[in-house]
Amino acid sequence: MRSFYRGRDMGRVHSIAELTELARHRLPHFAWEYLSGGSEDELTLARNRASFSEIHLHSRALVPCHPPVILRHLLGRELAAPMLIGPTGYNGMLHRDADLHLARAATARGVPFCLSTVSNVSMEVIKAHVPEVDLWFQLYAMRDPDIQASLLSRAQQVGVETLLLTSDAMVLGNREWDRRNFIRPRELSLGNKLDVLRHPRWLHQVMWPNGLPSMGNLEPYLPPAERNALGSMKFIGEQMDTLLDWGMLARLRDQWSGNLLLKGVLHPSDAERALALGLDGVVVSNHGGRQLEGAIGSLDALRLIAPVVKGKMALLLDSGIRRGSDIAKALALGADAVLLGRTTLYGVAVAAEQGAGRALDLLREELTRTLNLMGCTDIQDLDPDCLADLHSHFTGRG
Ligand SMILES: Cc1cc2nc3c(=O)[nH]c(=O)nc-3n(C[C@H](O)[C@H](O)[C@H](O)COP(=O)(O)O)c2cc1C
């Protein structure tokens, strides 16, 4: 299989699985593990996919086949499809300026792009280069209230309307591959250094000429000499607030007048509490199986949470979306939209904006075909009645 695809070749990639395989070939081993890996034995990572395979679509016969309506009104905006690119940190390890490529791909397809606190490209640069972007911002709560207030005010200034507070990463999940691949921060093991040399194209596209990038959003808070990869990693390690609690979320609700969503919700009581605090939504997520090992699959959690908050706040889901039919299942179980993590990252690793765009196009095409084959003319009509649940004792209703 060719290890590199240019934009014009992207049409020859026919599934996210193929894109994944191409990304695996293109990236050095340590970057591939960073992208694809989960914590510990990767049981939650596997569960995220298994839960999708355990529910089945219950199609209806003889429904005339027109292009189905997949537009979604969400948080005051119209999305061309019920999906968006979710927040992922340090994308510059996959491709230079990957955050910009993702923002462009999303914007060209009428869906939002959510920038991570620990992105490589800053929010100001994204907005300057992609002025039409529907930019969301994901916040890692900071120990220093002034730094947090500054991040929020910058987000407001660049036109962010929707803020996601991530709740599931106060400590880093147990990612053994990371400890295996690095002997100390940013210092790869000898085997990995040799492996990097076997990936000249990646070296050229990521490392040349300045090495690994710093974290753009954090640069204003770093001394000039430390505005680099190591300096920003040290800074975020010291700054991430490990004492985050509901009181902090209530204060954030007062501080942020735009849409506020809590990301990393897996328990219905937490979703209820977020609703009571006046949040605009929750993202049902286990961080793609990278944090709490043994955590409930995100689709399993959605079945518990939807009956409690569906229709009262925005209900989003991520972790494990790899097919358009996955999106149909998530919507049928109550999600308003899904966030994409690795799916668009595999694309960007393979072919920058064209690769991320191909991932979005594939999901859109698959979702459209799935709806046609189900006899469903509008995503509004997706509900538990569209599912045949053969393996679970949950009813999936409500
Ligand atoms: C490489 C990588 C980096 C991530 N960085 C962040 C981050 O900075 N902030 C955050 O809230 N979630 C982060 N996530 C989690 C994603 O937002 C999302 O929850 C997860 O990727 C969804 O699972 P999926 O990749 O199976 O779709 C990251 C995920 C990956 C794969």
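Which residues of strand 7 lie on one side and which on the other, and are they buried or exposed? The notes below start there. The model is predicted.

1. **Strand 7.** Thr162, Leu164 and Thr166 sit on one side of strand 7, with Leu163 and Leu165 on the other, and all are buried. Both faces are therefore covered, and with five of the five residues of strand 7 (residues 162–166) buried, the strand is largely enclosed by the rest of the structure.

2. **Strand 6.** Strand 6 covers residues 135–139. Five of its five residues are buried, so strand 6 is largely enclosed by the rest of the structure. Leu135, Phe137 and Leu139 point one way. Trp136 and Gln138 point the other way.

3. **How strands 5, 6 and 7 connect.** Strand 6 runs parallel to strand 7, and four bridges join them. Gln138 stands opposite Leu164 in strand 7. Strand 6 also runs parallel to strand 5 (residues 113–115), with three bridges between them. There, Phe113 has Leu135 as its bridge partner in strand 6.

4. **Strand 13 and its partners.** Strand 13 takes in residues 337–340. Ala337 and Leu339 lie on one side, Val338 and Leu340 on the other, and all are buried. Strand 4 (residues 83–85) is joined to strand 13 by three bridges, and the two run parallel. Leu84 has Leu339 as its bridge partner. Strand 12 (residues 314–317) is also parallel to strand 13, with two bridges joining them. In that pairing, Leu316 has Ala337 as its bridge partner.

5. **The nonpolar core.** Which residues touch the most other members of the largest nonpolar core? They are Val282 and Val338, in a core of 112 residues. Helix 15 gives the most to this core, with 15 residues. Val282 deserves a look of its own. Beyond its neighbours within four places in sequence, Val282 is in contact with Leu261, Leu262, Val265, Ala271, Ala274, Val309, Met313 and Leu315.

6. **Around the ligand.** The shell around the ligand has 24 residues, of which Gly89, Ser116, Gly288, Gly341 and Arg342 come nearest. Helix 2 (29–36) and helix 15 (342–374) are the elements that give two or more residues to the shell. By kind, the shell divides into six nonpolar, 14 polar and four charged residues.

7. **Two positive phi values.** Asp97 has a phi near 55 degrees, which is positive in a residue other than glycine. Asp97 lies in the loop between strand 4 and helix 4 (98–108). Is Asp97 buried or exposed? Asp97 is buried, because 21 other C-beta atoms lie within 10 Å and the cut-off is 20 or more. His287 is not a glycine either, yet its phi is positive, at about 65 degrees. His287 is placed in the loop between strand 11 (281–284) and helix 13 (298–309). With 22 C-beta neighbours inside 10 Å, His287 counts as buried.

8. The peptide bond from Trp208 to Pro209 is cis, with omega near 0 degrees. Pro209 lies in the loop between helix 9 and helix 10 (229–239). Another proline, Pro200, is found in helix 9 (residues 200–207). Why does Pro200 count as exposed? Pro200 has 10 C-beta neighbours inside 10 Å, and 12 or fewer makes a residue exposed, so it falls in that class. Pro200 and Ala356 are 156 residues apart in sequence; from C-alpha to C-alpha they are 22 Å apart in space.

9. **Confidence.** The protein averages a pLDDT of 94, and 95% of the residues score at least 70. Residues 393–398 call for caution. Over that stretch pLDDT stays under 50. The model has ten contacts beyond four places in sequence for residues 393–398. Where pLDDT is low, the predicted coordinates should not be read in detail.

Methods: Residues numbered from 1 in each chain as written. Predicted model: local features only at pLDDT ≥ 70, side-chain atom pairs only at ≥ 80, totals over all residues. Near = placed C-beta within 6 Å. Nonpolar A, V, L, I, M, F, W, Y, C, P; charged D, E, K, R; others polar. Core = buried A, V, L, I, M, F, W, Y, C linked by C-beta atoms within 7 Å. Contact = placed C-beta atoms within 7 Å. pLDDT = per-residue confidence, 0-100. Pairing = 2+ DSSP bridges.
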